[in-house]
Amino acid sequence: MTDSVLHATAEAGRAPRVRFWHDPSFWGLLPSRLLMGFALILPIFIIAAVSVATRGAHGGFAWDFNLAGYRQILFNEGWTGELEFTPQYLLIIVRTFLLAGATTLICLLFAVPVAYFISRQPPGRKAALIYLVTLPFWASMILRVYAWMIILGKDGTLPRLLEYLGLPSGMSLMFNDGATLTAMVYTAMPLMVLPVFASIEKLDGTLIEASHDLYGSRWVTLRRVILPLTAPGIVAGAILVFVPSLGAVLEPSLMGGGKQMMMGTLIQLQFGGGRNWPFGAAIAITLMALVMGFLIFAALRAARREAAL
Amino acid sequence: MSTRHDVKRYPGLGPLSVLFFVYLYAPLAVVVIYSFNANNIAGVWTHFSLQWYSSALRNTALINALKTSLTVAAIATVVCTLVALCAALAIIRGKNVRFRKLSETIVNLPLLLPEIVLAVATLILFSLIDVQNGVIRLTIAHSAFCTPFAFLPIRARLQGMSLDFEEASADLYADRWTTFRRVTLPLIFPGVFSGAMLAFLISMDDFITSNLLSTGGTTTLPVYIFSLIRSGTSPELNAIATLLILASLVLATVALLVAARGNRDNA
């Protein structure tokens, strides 16, 4: 009785509710919800389920609850069922983080000075330079990696140049972490320059002058004025570079060779003919959790920064 | 003020930036240069020749891969642009939409997840519900992960557009559909066009998802190129790469020009 009265008064306070099928925004959002629900959210739930399923005898999996997929990331199961700590997959996870982190740092190191230089150009030239930064990004990813294979590979441009300069010939520059890193930095660079540029563009030039009036040297001004004020762009660029780098597949599989794997190539390997699906799913879920954790951390920090201002 | 005492000037940035642009373009230039090489070992230069272009254009596996890529990209572009347009209209123009922020996150979800995770997840889904047709598998997956790329430019355009035009149209007794067709759509067209263009390029360029979902007869262009690189014996590769680099640079330039012109008209 009182319940229905309370309900009625609550209803009266609101704007009259339209039935959802008369609401155009319901129909506007329906296609995106159906598409993402079917092709994205449903598959993520399925892969989470597969990660705790049992490996099938001939590839695939069976719906029996089993944590073997996750256990295998850290331990190797012996014949008698004893668990032995094997760091090989942990090393792949660590390498993935180190390479993605190094990619982000190197991109940052180049992006900040270049973005600053571009922002100081006259408007016409500025637009042209930004266009030139963006353009290589549209060339196919696989071809941008392939270009580095020609440069670093056997009989490649760089080994020949080094040979010409008197260094030992036949040096192998390919199939190591350095080669993977080179390709990762190259493919990610525009993603860093653009947000950093957008941020530096907005920088108030009088603040730099003020810093100098207060006897701040160029270095102090850079560290205490320019970098803190462009932090949002730097953070945005770091996220745009770091997150896709964690999931890199093309760079390690072409430049790193079969041995120097990253999480992306390890996942892909488990889904090639008849391998270990639950293990692959467990690594995929681990990668997703790490990315999500990082994004949430970044969002919380941004929110705190905003609150502090 | 002489440049010597310009406090905003940092020494050495000019040369560094020149080096930076050389670094951005030199690798692509290397591919283009070697594509004219007569020698069939990619890295060893002998003399100028166009032979690999003519043999690339007669390569049926390449043409088939190109056809698959174009088919998938064309369907996915139409689907995801329509989905993105509907979603953007609902999110930006809709009145009292519940879960507005969440709805937007759902549309942008593919940007937040690593592509390899989505690719294997979709692979498991298709093997569970037994979808064997490569083009259908690729089209569904591409439509999903291209949607945010179509959505973001359309959303930006809609948000930047004043409501006055649509209200004026309504005042003149135009119904919703007429207003959309005659007022809203023409005004947001640059956003729709660059969104569709972006989605098309992202779909054409995709390797990770296509590699896992394509079947024997439906290899896409990047997957085919990957197999050529892996086998390491095709001298046509540089010619194919050059043609593709040129095609994507031209497409990207057109898309950027249309977007820039749209922004100027708006201003």
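This is a predicted model: local features need pLDDT of at least 70, side-chain atom pairs count only at pLDDT 80 or more; totals for chains, interfaces and linings use all residues.
Local features need pLDDT of at least 70, side-chain atom pairs count only at pLDDT 80 or more, and totals for chains, interfaces and linings use all residues. Residues are numbered from 1 along each chain as its sequence is written, chains are lettered from A in the order in which they are written, and side-chain values use heavy atoms, without hydrogens and water.

Select residues 177-201 of chain A, which form helix H8 (helices are DSSP runs of H or I with at least four residues, strands runs of E with at least two, numbered from the N terminus). From first to last C-alpha H8(A) reaches 35 Å, close to the expected 36 Å (1.5 Å times one less than the number of residues). At Ala188(A) the helix bends by about 45°, with Pro190(A) following within four residues (the angle between axes fitted to the seven residues ending there and the seven starting there).

Next, select Leu90(A), in helix H4 of chain A. Leu90(A) counts as partly exposed because its relative accessibility is 32%.

Finally, go to Ser140(A), in the loop between helix H5 (123-138) and helix H6 (141-152) of chain A. Ser140(A) has 13% relative accessibility and therefore counts as buried. Show Asp205(B) as well: its side chain and that of Ser140(A) are joined by a polar contact of 2.7 Å (a pair of N or O atoms within 3.5 Å; within protein, one must be able to donate a hydrogen and the other to accept it, and residues adjacent in sequence count only if both atoms are side-chain atoms).

Methods: Buried means under 20% relative accessible area, exposed over 50%, partly exposed in between (1.4 Å probe, protein chains only).
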